[in-house]
Amino acid sequence: MTDGSPSTTAVVPLRDGVSGKSRLAAVLDAASRRRLVRVLARHVVATLLASDGIGRVVVVTADPAFARDTLAGLEVEVLEQPAGRPGLNPALEHARAHLLAESPRSARLLVAHADLPALTPADVTALLAQDAPVVVATDRNRSGTNLLLLPSGAGFRFRFGTGSLAAHLAEAETRGLAATVVDRPGTAVDLDTADDWSQLPDEVRAVVGQQVPGLRASC
């Protein structure tokens with residue numbers, strides 16, 4: 001079993017404050033969607049920083065000014081995504097290459113989406129404690145990937161997108177790496193749609209709704 005050593009680096013991809021949460025445009029105005037992106041990102045990053053076994057948190061984004069403003073006061077590094085490499089998977093590839101160039105002995109990466117309002121340090125610890133080198137925390141539909149733990153230098157290709165759970169498991173098999181799937185309440189629910197909002201625990205909805213009042217009024 002892994003020991004959750006501080007050699008695990010968490011990488012959080014973060015959208016800008018303009019295009020994020022577009023699927024909630026029917027119920028939230030642009031200012032409220034921007035506020036929601038900020039609230040969720042701060043929660044995820046703060047949770048990672050509070051989790052045993054996470055030695056470093058890096059946010060990769062095409063909008064570093066927005067990220068730094070959003071995460072002010074938190075011990076996080078902001079890495080700018082090159083304009084010529086748009087998209088989630090290229091952003092993660094860029095972050096991994098940067099981290100390996102800086103610290104070739106970095107053992108593991110934990111990719112965590114920035115919109116997991118129910119994520120807790122216990123969830124992160126549970127992922128780090130798994131025996132398998134590749135750990136996929138699936139979404140509530142058991143088709144996507146909300147968190148992904150993998151060896152830094154394994155050449156593993158990021159497969160985020162439609163059907164990413166199956167794609168990441170297939171990638172692990174191709175690389176000869178054992179993989180396991182984690183399905184926990186805190187890792188399974190993201191917040192992209194009004195339906196996602198309805199699936200959140202009451203206590204989480206209360207906290208997020210207090211910070212983004214439009215959600216309570218519209219969803």
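Two strands are said to pair if DSSP finds at least two bridges between them. Helices (H or I, at least four residues) and strands (E, at least two) are DSSP runs, numbered from the N terminus. The model is predicted, and local features need pLDDT of at least 70, side-chain atom pairs count only at pLDDT 80 or more, and totals for chains, interfaces and linings use all residues. Residues are numbered from 1 along each chain as its sequence is written, and side-chain values use heavy atoms, with hydrogens and water left out.

**First selection: Arg 108 and strand S6**

Select Arg 108, which stands opposite Pro 151 in S6. Strands S4 and S6 pair in the antiparallel sense over five bridges. Seven of the seven residues of S6 are buried.

Now select strand S7 (residues 179-182), which pairs with S5 in the parallel sense over four bridges. Here the bridge partner of Val 136 is Val 181.

How many of the five residues of S5 are buried? Five of the five are. In a regular strand the side chains alternate between the two faces of the sheet. On one side of S5 are Val 134, Val 136 and Thr 138, on the other Val 135 and Ala 137, and all are buried.

H3 has 15 residues and reaches 21 Å from its first C-alpha to its last, close to the expected 21 Å; the expected span is 1.5 Å times one less than the number of residues. Show the side chains of its buried residues: Asn 89, Ala 91, Leu 92, His 94, Ala 95, Arg 96 and Leu 99. These pack against S1, S2, strand S3 (77-80), strand S4 (108-112) and S6, contact being heavy atoms within 4.5 Å.

On a 1 Å grid over the protein atoms alone, a pocket is an open set of points where a 1.4 Å probe fits, with protein on both sides within 12 Å along at least five of seven lines; lining residues have an atom within 4 Å of a point. The largest pocket has a volume of about 1000 Å³, the volume being the space filled by probe spheres set on the points. Which residues lie nearest its centre? Among the 38 lining residues, they are Arg 15, Leu 88, His 113, Asp 115 and Asp 192. Elements giving two or more residues to this lining include strand S1 (8-14), helix H1 (30-49) and helix H3 (88-102).

**Last selection: the second largest pocket**

This pocket has a volume of about 180 Å³. H1 gives the most to its lining, with six residues, and helix H8 (202-211) supplies at least two. The lining residues include Arg 35, His 43, Pro 117 and Gln 211.

Technical notes. Buried < 20%, exposed > 50% of the residue type's maximum accessible area, 1.4 Å probe, protein only.
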